[in-house]
Amino acid sequence: MSNAVKAKCASPDPNEAWRQINWNKCREKVRKLQARIVKATQEGRWNKVKVLQYLLTRSFAAKALAIKRVTENKGKNTSGIDKILWSTNKSKFEAIPALKLRGYKPKPLRRIHIPKANSKKMRPLSIPAMKDRAMQTLHRFALEPIAETTGDRNSYGFRTARSTHDAIGQCFNYLSQGKSAQWILEGDIASAFDNVSHEWIMENTPINKEILHKFMKCGYIDAGKLFPTEQGTGQGSAISPVIFNMVLDGMEQEIRCKAKEIEKRDQRNPKINFCRYADDCAPRMRGRAA
């Protein structure tokens, strides 16, 4: 965002300053930077990617949009352990300059448990403080273009412009043909979010390592006790779904490589198709199960 726009927003009244922000220009600037990140990723220019991520996460436009997102989604009235909510225009505008890496230390997550769908088991959710949600959203803006560029072709969960309807549509395409698969193998990784390796994430997630380490190691509070986070990426965190998808990307290619091995070894083509929604996957195969 230009200095002129910033100056216009720098009203003595923060309530008025927040209302004066030109959101269309903010979105345009963020989209342009994300498009440049996509192009640099496709070209394998990772130093360029880092520079663009730096520019994006320090831009007024991205910070303002991150705050707008976390204060307007369905979790806007759910606080972290500090009980702070940004419910006024004043608090939102004053939070913009606070989204900086220098001196940043995330608060422990607030752990709650909710019932799983169609199950008596409970699902743990980790609720970050409002500022930490905004910081995660800000860095998600920088990571998501890479995840969308390098992600598996048939991955649908937590993807930009993709939904469960797209996954269902792809399943229909696989199964509606005359020579469609005769076997459907459904897989669900047990406690997938809770068991992801932090070491793998740190080595393979192309984002600022300092901020990523802070997100991973912030700990959580459950029933009044502080617990360390030595593995996993908490469900409920803004950036976790993107990181989690990047962890699982490559599964489709591995399965297709396995199909080629079967074809070479047994002189038959299993014709394996694959569809993934987060950690739920369903390979579909012709002939007997491999």
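Entry 1, terms and model. I count two strands as paired if DSSP finds at least two bridges between them. Helices (H or I, at least four residues) and strands (E, at least two) are DSSP runs, numbered from the N terminus. I am working with a predicted model, in which local features need pLDDT of at least 70, side-chain atom pairs count only at pLDDT 80 or more, and totals for chains, interfaces and linings use all residues. Residues are numbered from 1 along each chain as its sequence is written, and side-chain values use heavy atoms, with hydrogens and water left out.

I looked up the strand order and found an open sheet of four strands, 2-1-5-6, with mixed pairing. From one strand to the next the twist averages 40 degrees, where axes are lines fitted to C-alpha atoms, for helices over the stretch in contact, and angles run from 0 to 180 degrees between N-to-C directions.

I traced six bridges between strand 1 (residues 109–115) and strand 2 (residues 122–127), in the antiparallel sense. Ile-114 stands opposite Arg-123 in strand 2. The two strands, 1 and 2, form a hairpin with six residues between them, and Asn-118 in the turn has a positive phi of about 55 degrees. Strand 5 (residues 220–222) runs antiparallel to strand 6 and is joined to it by three bridges. Tyr-220 has Phe-227 in strand 6 as its bridge partner.

Most residues other than glycine have a negative phi. I noted two further residues with a positive value. Lys-83 has a phi near 65 degrees and is found in the loop between helix 5 (60–70) and helix 6 (89–95). Ala-278 has a phi of about 60 degrees and lies in the loop between strand 7 (276–277) and strand 8 (280–281). Which of them is buried and which exposed? Lys-83 is exposed at a relative accessible area of 61%, whereas Ala-278 is buried at 4%. Buried means under 20% relative accessible area, exposed over 50%, and partly exposed in between (1.4 Å probe, protein chains only).

I checked the burial of helix 5 and found ten of its eleven residues buried, so the helix is largely enclosed by the rest of the structure. Among the buried residues are Phe-60, Lys-63, Leu-65, Ile-67, Lys-68 and Val-70.

I placed Asp-152 in the loop between helix 7 (130–150) and helix 8 (164–175). Asp-152 counts as buried, at 9% relative accessibility. Asp-152 and Glu-252 are 100 residues apart in sequence, yet 6.5 Å apart in space, C-alpha to C-alpha. Leaving aside neighbours within four places in sequence, the contacts of Asp-152 (heavy atoms within 4.5 Å) include Arg-159, Arg-162, Asp-249, Glu-252 and Arg-276.

I listed twelve helices and nine strands. The C-alpha atoms fill a box of roughly 75 × 45 × 35 Å, taken along the principal axes. Of the 290 residues, 45% count as buried. Among contacts between residues at least 6 apart in sequence, 69% join residues at least 24 apart.
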